[in-house]
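Look over the sequence and the model, then read on.

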Amino acid sequence: MIENNRIGKALIISLCSMLAPMIIATRILNTSAALVPLYALGYIITIFAIMYALNNKIITNKFGMYIVVLYFVILIIPIIVDLILNIKLNYFDLINVIIKITNLILFFVLMDHIKIDEHSFIKLMNVVVIISIFACLYSFVFEFREILTIRNIANSNTLKIRSFFANRNQYSAFLIVAFIANTYLCQLYKKKYQFIVYAIQVMGILTTFSRAAFFSIVIIICMILLQAQNTKKKFVIASLILFIGLVILLGTDVITYISKNYIRMDSSADSGRFTLWKYAWDIFKDSCFLGVGFYTGADIAMERGMGLTQFHSMYFDILVDGGILEIIFLICIFTYTYQKCKKCKNHKLVHVYRASLIAFIFHATVESLSIFALSYSDILYTIFYISVPLLISNMYKRPYKQGVK
């Protein structure tokens, strides 16, 4: 175990260096063709930032090395399967193997041995919260006209409210993570403006009309309330407020609006996901449950008629990529991370991670989230659901600088 308070700054650089390519490609150059080279540059910066922060003081053990070797074997098996079954290989899968192994080392193996103080952790959370405020304000200002159409929207799928992100799903998913970051801060110190931040973040999520994001926030709030002290009292108060709110809403058109646009219990409620999942399941079965590589699998599905490049579920993405073995491996990684996080002396932080993890498990069912892969969103999820709980488990307290209580 090594004490390293520079790792927080390195993770901040990682997030920003992976966010910049998306902003440049989607908002400045207005082309997705620039994403790959820009992401490659941002990823190189990420690696150098973390290695510089560690200052060559890298501590690992046999467990960490075994994990890396095991993951490599799991990821390389699908490529071998492709060769055996004479499946046309997409060579991005080879690059994907290298990236996933590298990210496993950077954000899991190394973070498992790093000790930081609360002040460094607070800085990291603050940066994410600040970016979320800027993203929401950007959307409120530059997408104001489209936001005004929300009241009379006929089909929420036609909306393109995405701030400076590539699409509205990425925008809403980031706001969930920022909501979690603000919740971590609330457990460490109380400030009145944090509730204003919550309001801005929730408003931003509502404008995206992402059902997955909306219910993820509901899950986090409910889990935090259930785990808090005086749980029964707080739960009764929250239930009463909810009941009164529903009574008021039922007498207006608001409940109809929410049902139509946020719940969407009609014939198109799945937004075509069931069809995408059927493509993924068929590919998974044909590969003897071992996967064929994500990009190769997407190519096969598109040849069979799929109109998208992903399967709209992290679990089906993984089944296509590394099969049942990768699913089991990631379950073990999350289990280890959760058990490690439970060792944190500040149980309120553990409560936040537990709530966020349950929300993530739900969210990943209906969206193509990813761990250890390469993109801004993938790095963000890896940091918040893998690195952050590991750092929390090893976090210690020291006197804060003036102005931080």
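A cavity is a set of grid points where a 1.4 Å probe fits but cannot get out, and its lining residues have an atom within 4 Å of a point. The model discussed here is predicted.

Q: Which elements give two or more residues to the lining of the largest cavity?
A: The structure holds 2 cavities of 30 Å³ or more. The largest cavity has about 40 Å³ of space, and its lining is L75, P78, I79, D93, N96, V97, G293 and D321. The elements that give two or more of these residues are α3 (62-84) and α4.

Q: Which helix supplies the largest share of the lining of the largest pocket?
A: The largest pocket has a volume of about 1600 Å³. Of its 43 lining residues, the closest to the centre are F294, Y295, Q310, L374 and S375. Helices that each supply at least two lining residues are α2 (35-54), α4 (92-109), α7 (168-188), α13 (294-303), α14 (314-341) and α16. The largest share, 6 residues, comes from α14.

Q: How many residues of the lining of the largest pocket are nonpolar?
A: The lining of this pocket also has polar and charged residues. They number 13 and 8. The nonpolar count is 22.

Q: Are α14 and α16 roughly parallel or roughly antiparallel?
A: The axes of α14 and α16 come within 8 Å and cross at roughly 30 degrees. Angles under 35 degrees count as roughly parallel. So α14 is, relative to α16, roughly parallel.

Q: Is the crossing of α14 and α16 left-handed or right-handed?
A: In the contact, α14 brings residues including I333, F334 and Y336, and α16 brings residues including Y385, I386 and P389. The contact has 9 nonpolar, 2 polar and 1 charged residues. The crossing is left-handed.

Q: Are α1 and α16 roughly parallel or roughly antiparallel?
A: The axes of α1 (residues 7-28) and α16 (residues 376-393) come within 9 Å and cross at roughly 165 degrees. Angles over 145 count as roughly antiparallel. The two helices, α1 and α16, are therefore roughly antiparallel.

Q: How many charged residues does the contact of α1 with α16 have?
A: I7, L11, S14, L15, M18, L19 and M22 in α1 meet Y376, I379, L380, I383 and L391 in α16. By class, 11 residues are nonpolar and 1 is polar. The number of charged residues is none.

Technical notes
Residues are numbered from 1 along each chain as its sequence is written. This is a predicted model: local features need pLDDT of at least 70, side-chain atom pairs count only at pLDDT 80 or more; totals for chains, interfaces and linings use all residues. Side-chain values use heavy atoms; hydrogens and water are left out. Axes are lines fitted to C-alpha atoms, for helices over the stretch in contact, and angles run from 0 to 180 degrees between N-to-C directions. Helices (H or I, at least four residues) and strands (E, at least two) are DSSP runs, numbered from the N terminus. Angles under 35 degrees count as roughly parallel, over 145 as roughly antiparallel, 65 to 115 as roughly perpendicular and the rest as oblique. Contact means heavy atoms within 4.5 Å. Ala, Val, Leu, Ile, Met, Phe, Trp, Tyr, Cys and Pro count as nonpolar, Asp, Glu, Lys and Arg as charged, and the others, Gly among them, as polar. On a 1 Å grid over the protein atoms alone, a cavity is a set of points where a 1.4 Å probe fits but cannot get out, and a pocket is an open set with protein on both sides within 12 Å along at least five of seven lines; lining residues have an atom within 4 Å of a point. Grid points are joined across faces, edges and corners, and a volume is the space filled by probe spheres set on the points. A crossing is left-handed if the near helix is turned anticlockwise from the far one by less than a right angle, and right-handed if clockwise.
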